Amino acid sequence: MGLKLEENRGYPLDKQLRSWKDIVIEPLSKLDDDAMTRVRQILMNGIETEALRFSHAAHRMNPHIQHELAIIRRVEQHQATTINWLTPPDQSPLETTIAYEQVAIEVTAAVAQREPDPYLAQAYRFGLLEDFDHLYRYSALMDRLEGKDANNILQSYTDILPGRPTMVEHRHPIDDIRTPYEKSAADPLTKLHALILVGGEFQTHDYYMNIGPLFSDPLARQLYAEIASIEEQHVTHYESMCDPTESWMEKWLLHEANEVYNYYSCAEQETNPRIKALWEQFLDYELGHLQVAMEAFKKFEGRDPMQIIPSVFPDPLPYQSNRNYVKSVLAAEVNLSANGTAFVDRSQEHPRSVHYRNQLNASGSPSEAVAANYIWTPGTELNRPKYASKAVHAAKGAMI
Amino acid sequence: MTHLEPTMGKNRTGAQMSPLMSAAMLESIKEFPWDTVQPTADSAERIRLDYAKDAHAIGSIPMPLTLKGMARTGYEKIKGEKPEIFIDKLGERMAFERMGVRLYQALIRKCEMDPARHASMDLYRLQQICDSELEHMQMLKQAIEAVGADPTATTPGADAMAVASMGLGQVLNDPRTSVTQCLEAILIAELADTDGWQLLIDLTQETGDETMLAQFQRAMQEEEVHVLEIRSLLKELTLGKTKL
C-alpha cells in the first residue's frame with residue numbers, strides 16, 4: 001500500500017527543532033552496516049542537498065514565498081547535516097567514492113526498470129552504464145593506490161566490471177540535453193524519478209569536485225577531474241528530463257513530494273533500527289513541509305496541488321542488487337552514444353562530440369591508464385596468480 | 001640531491017615573515033581580550049564525553065559463518081581465551097602488508113622518475129623488499145584461511161590501521177615529495193610493522209601452532225632487516241644532504 005497524503009499530515013513545521021546533539025549523531029559502521037543502508041544514506045543526502053539548491057534558486061526569483069522557503073530550508077539543511085554526518089570517519093574519500101558509484105548504479109537500475117516513459121527509461125539505462133564504468137575505474141584506483149578491495153564497501157551487491165568506457169563518455173554539451181517529460185501528461189513517478197537522479201548526480205559531482213584535490217597521486221587527481229566532468233554531463237542529462245515549463249511553485253511541490261517519497265522508501269526498507277527511526281522522523285518532517293508547500297500553491301496559483309503531485313505515493317523505490325538487469329543492459333547497450341536528444345550507435349555520433357572527446361583525451365586517458373588490465377579479485381589483485389608467483393620467488397630468496 | 005629536496009626559499013608560514021601584520025594581530029587581541037567573551041556552560045570535554053559514553057565499536061571481527069564451517073576449517077584449533085583477537089590481528093597484519101606492497105611500489109616509482117637520485121637507492125633491493133611484503137601478505141592470507149576466517153574481510157584492527165596510515169600513501173604518491181621524505185614515511189610503516197609482527201607472534205605462541213609461529217618469526221626477522229636498511233638509507237641521504 002502506498003503512502004496516502006490525506007492520512008499523513010506530518011509533523012508541524014514550527015515544532016521541527018533539534019539541538020546539535022540531535023543533529024550530529026553516531027555515524028554508520030563501515031564494517032557492520034548493510035551496504036544498502038549506506039546507499040540510502042548517500043542518496044538521501046543527495047535529495048536534501050538538491051532541495052537546498054532548488055530552494056535557494058526559488059528564493060531569488062519568488063518574493064512572495066521567501067519566508068516559507070527560508071524556514072523549511074533551514075530545517076532541511078539540518079536534516080542534510082544529520083544524514084551526511086552518518087558517514088563514518090574511517091571511510092576514506094575513495095571508499096566513499098565507491099559507495100557513491102554503488103548508489104548511482106543500484107538506484108538508476110531500480111529507476112530504469114520502473115520508469116513508465118520508454119524514452120526516459122532508455123535515458124536511465126544510458127546513464128547507468130556510464131556510472132557502472134566509473135565504479136570499475138575507481139575500484140582499480142583503490143586497489144592499486146591504497147591496497148584495498150572495493151568489495152569491502154560494495155558487499156557483493158554490485159559487480160565490478162568495465163561498462164561504457166569512461167574515455168568515450170565525453171560528449172559535446174548539446175549531446176547531453178534530453179527531451180523533457182510533458183508536465184500535464186507525465187506519470188507522477190516519472191517526475192519523481194527525474195528529481196531523484198538530479199539530486200544523486202549533483203551531489204556526486206560536487207563530492208568529486210571537493211575531494212579530487214585531496215589526493216596526492218597525479219593519476220587520481222586526473223581521474224577525479226575526468227569523472228567529475230562526466231557527472232556534470234549527467235546532471236545536464238537528468239535535469240533536462242524535467243519539463244522546463246513547470247512553474248516555480250510546481251517544481252517546489254515536486255521537490256517536497258520527492259523528499260516525502262524517498263524517506264518513505266527508506267523507512268519501509270531500512271534494516272538498522274536506529275536509522276529506520278531517523279527516516280521515519282524525517283518522513284514526518286517532510287510531510288509537514290509538503291503541507292506548507294501545498295497551502296502556498298493553493299494561495300498563489302489558485303489550483304489544487306493534487307493536479308501536480310499524487311494523493312497516494314507509488315510503491316517504495318526498491319533497494320536491492322540489480323546484477324542481472326545491469327548485465328543485460330551492458331550486453332545490449334554498451335555501444336550507444338547520443339546525438340542531440342537521440343540515443344544512437346556510436347558510429348552515428350555527431351562530429352562535435354567526437355572532436356570534443358578527442359581534445360580532452362589528447363594527452364591520454366586517466367580512466368584507461370588507471371584500470372589497464374584490471375580484473376577485480378577478492379582481497380585485491382595482489383591475490384592474482386602473477387603476484388602469487390612473485391611472492392613464492394620472494395619466499396625462496398628470503399633472508400637475503 | 002635532487003630538485004625535490006627542499007632548499008632555502010620564500011616560506012611564508014611564520015609570523016616573522018609579516019612582522020607588521022603579526023604585531024597588528026597581537027594588538028587586536030589586546031583590544032578584545034579573551035576574558036570579556038561570555039563564558040559558556042559547556043566544555044569541550046563534556047561534549048566529547050557525551051559521544052564517548054554512547055559510542056559503539058567501529059565494527060566487529062568477522063567470524064566463520066556456521067559452526068559446521070568452524071569445525072571444518074580449523075577455527076576450533078585456535079587456543080587461548082579470545083581467538084577472535086587472533087583473527088583481528090591476522091587481518092590487520094595482512095592488510096598492512098598489502099598496503100606495504102603499494103607503498104614500496106610508489107617509492108620505486110618515485111626513485112625511477114628521479115634521474116639524479118643518490119647511488120645508494122638500489123632499485124633492485126627495493127623491489128626485493130616489495131616482493132617480501134607481498135609474500136608476507138599471502139602467507140597471512142593462508143593463515144587466515146587456515147583458522148577458518150575470511151581473508152577478504154576488513155577486520156576492525158585493519159580498519160584502524162588503515163586510518164592511521166592514510167598519510168603515508170599521500171606522502172609517497174605526491175610528485176612533489178623528495179626521496180628522503182618518502183623514506184621517512186616508509187620508515188614509519190616499517191617500524192609499526194615490526195611491532196605489529198611481534199604482537200602477532202606473542203598471540204601465535206598462545207595458539208600453540210608451531211608451523212605458523214615459525215613462519216611469522218621468519219617474517220619478523222625480514223621486517224627487522226627492512227627497518228635497518230630503510231633507517232640506514234634515510235640516514236645516509238639526510239647526512240649527505242647536510243654536507244652539501
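**Ground rules.** Residues are numbered from 1 along each chain as its sequence is written, while chains are lettered from A and ligands numbered from 1 in the order in which they are written. The model is predicted, so local features need pLDDT of at least 70 and side-chain atom pairs count only at pLDDT 80 or more, whereas totals for chains, interfaces and linings use all residues.

**Chain A overall.** I looked up the make-up of chain A and got 14 helices and 2 strands (DSSP runs numbered from the N terminus: helices are H or I, at least four residues, and strands are E, at least two). The radius of gyration of chain A is 22 Å, close to the 21 Å from the globule rule for 400 residues, so chain A is as compact as a globular protein of that length (taken over C-alpha atoms; the rule is 2.2 Å times the number of residues to the power 0.38). I noted a C-alpha trace of about 80 × 50 × 35 Å along the principal axes of chain A.

Of the 400 residues in chain A, 49% count as buried. Buried is 20 or more other C-beta atoms within 10 Å of a residue's own, exposed is 12 or fewer, partly exposed is in between, and C-beta atoms are placed from the backbone. I also checked contacts in chain A between residues at least 6 apart in sequence: 82% join residues at least 24 apart (contact: C-beta atoms, placed from the backbone, within 7 Å).

I took α8(A), residues 218-239: 22 residues reaching 32 Å from first C-alpha to last, close to the 32 Å expected at 1.5 Å a residue (expected span: 1.5 Å times one less than the number of residues). Its buried residues include A:Leu223, A:Ile227, A:Ile230, A:His234 and A:Tyr238. Their cover includes α5 (118-146), α7 (188-211) and α13 (366-370) of chain A.

Next I looked at α9(A), residues 248-269, which has 22 residues and reaches 32 Å, close to the expected 32 Å. In α9(A), 19 of the 22 residues are buried, so this helix is largely enclosed by the rest of the structure.

**α2 against α4 in chain A.** I found α2(A) (residues 35-61) packing on α4(A) (residues 93-114) at about 90°, axes 9 Å apart. Axes are lines fitted to C-alpha atoms, for helices over the stretch in contact, and angles run from 0 to 180 degrees between N-to-C directions. That makes the two helices roughly perpendicular (the class for 65 to 115 degrees; under 35 is roughly parallel, over 145 roughly antiparallel, the rest oblique).

**Loop between α13 and α14 of chain A.** I picked out A:Asn373, which sits in this loop and has phi near 60°, positive in a residue other than glycine. A:Asn373 counts as exposed, with 8 C-beta neighbours inside 10 Å. A:Thr380 lies in the loop too, with a positive phi of about 85° although it is not a glycine. A:Thr380 is buried, with 27 other C-beta atoms within 10 Å.

**Chain B and its side facing A.** I counted 9 helices and 0 strands in chain B, and 36% of its 244 residues are buried. Then the interface: 34 residues of chain B are in contact with 33 of chain A. On the chain B side, α5(B) gives the most, with 8 residues.

Conventions. Contact = placed C-beta atoms within 7 Å.
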